[in-house]
Amino acid sequence: MNLETISTNMSFGGIQGVYKHASATTGTDMTFSVYVPPHSAGAKLPVVWYLSGLTCSHANVTEKGEYRRACAELGLIFVAPDTSPRGDDVADDPAKAYDFGLGAGFYVDATEEPFARHYRMWSYVTEELPALIAENFPADMAAQGITGHSMGGHGALTIGLTFPERFRSISAFSPIVAPGQVPWGQKALGGYLGDDRAAWRKHDAVALIEDGARVDALLVDQGEADSFLAEQLKPSLLMSACVDAGIDLTMRMQPGYDHSYFFISTFMADHLRWHADRLR
C-alpha cells in the first residue's frame, strides 16, 4: 500500500508519526497516527488501537492523549485512526450536526444512501488499516488490544466483542454502550443502517452481549460529572449485561471528571498498563 508520511517527531525515545494513504475501502484519502516506542532491531511489538469520539480525528488523542510516556515504558505501538471518511464528495449531515456525518462515522459500514459509498469505517478499521499497519510497522498482530472514547468507546467494545480472538484486551473511556437505546446511537444507526433495528444489534455492545458475545474482561472508566452520562452513555446497561453474561467488567466511576481529554489523559496510563499486562 502506498503510504505517505505527513510528519514524524521523536518522543520518549520513540517516533510519533502521522500518515496518509488512499483507502480502497472508503474511496477517500485517510489519515492516521502511529506511535512506535523505542525497541531493538527486529522486535515485534504489541499494538493498542485507540478509536476517537464524535467530532474528532486522529489528531485529538495524538495531541492531548498523553499516552507516549506509558507506551515507551511498556513497549506498545499506539494506532489512532480517523473517525470518518473525509473529502469534498463525502456526504455529510444536511443540517451539519456534530453527531452525524463527517467526524461521526460510528464505526459501521453504512448501507443507506448517500452514505454507503464512503462510510465504511467498520471494514476500514478491522480489515484495511490493520493490513497496512502489519506491512509498514514492527507490529505483533497476534498481540492486539483496543480502546476508545465515547463513540470510539462504542467502536472499541463492539469490535472487541466481535473479534475476541484478535483483541486480547478491550477497554473504553465513557463509551456509548447501548447506541440502540440512546439518541446519538439511534440517529447514527438509523441514518447509516436504516430502520431495521435487528441490523443495529451487531453495532451495540449491550445487544452483542445479550446475543451471546463473550470476552474474559473489560475495563471502563466513566466520569461522574460527564454531562452525557444519563442520556447518552448509560453505563449501568453494560454493567447489567456483563453481570448476566459472567463477563468480568471493571467499571470505574470517577468523581468530578467530565467527558474531555483532561479525563482521558488522566487515566490513559492505567488503561495502557492494563492492556500491556494482557498482551505480554
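## A first look at the chain

Of the chain's 280 residues, 61% count as buried, where buried means under 20% relative accessible area with a 1.4 Å probe, protein chains only. This is a predicted model, so local features need pLDDT of at least 70 and side-chain atom pairs count only at pLDDT 80 or more, while totals for chains, interfaces and linings use all residues. Residues are numbered from 1 along each chain as its sequence is written, and side-chain values use heavy atoms, with hydrogens and water left out.

The chain holds 10 helices and nine strands; these are DSSP runs, with helices (H or I) of at least four residues and strands (E) of at least two, numbered from the N terminus. With a radius of gyration of 17 Å, close to the 19 Å from the globule rule for 280 residues, the chain is as compact as a globular protein of that length. That radius is taken over C-alpha atoms, and the rule is 2.2 Å times the number of residues to the power 0.38. The C-alpha trace spans about 50 × 45 × 35 Å along its principal axes.

As for contacts (heavy atoms within 4.5 Å), 71% of those with a separation of 6 or more join residues 24 or more positions apart.

Now for the cysteines. A search of the whole structure turns up zero disulfides, a disulfide being a pair of cysteine sulfur atoms within 2.5 Å. Cys-71 is in none, and the nearest cysteine sulfur, that of Cys-56, is 18 Å away.

| Residue | Relative accessible area |
|---|---|
| Cys-71 | 0%, buried |
| Cys-242 | 1%, buried |

Definitions and conventions:
Buried means under 20% relative accessible area, exposed over 50%, partly exposed in between (1.4 Å probe, protein chains only).
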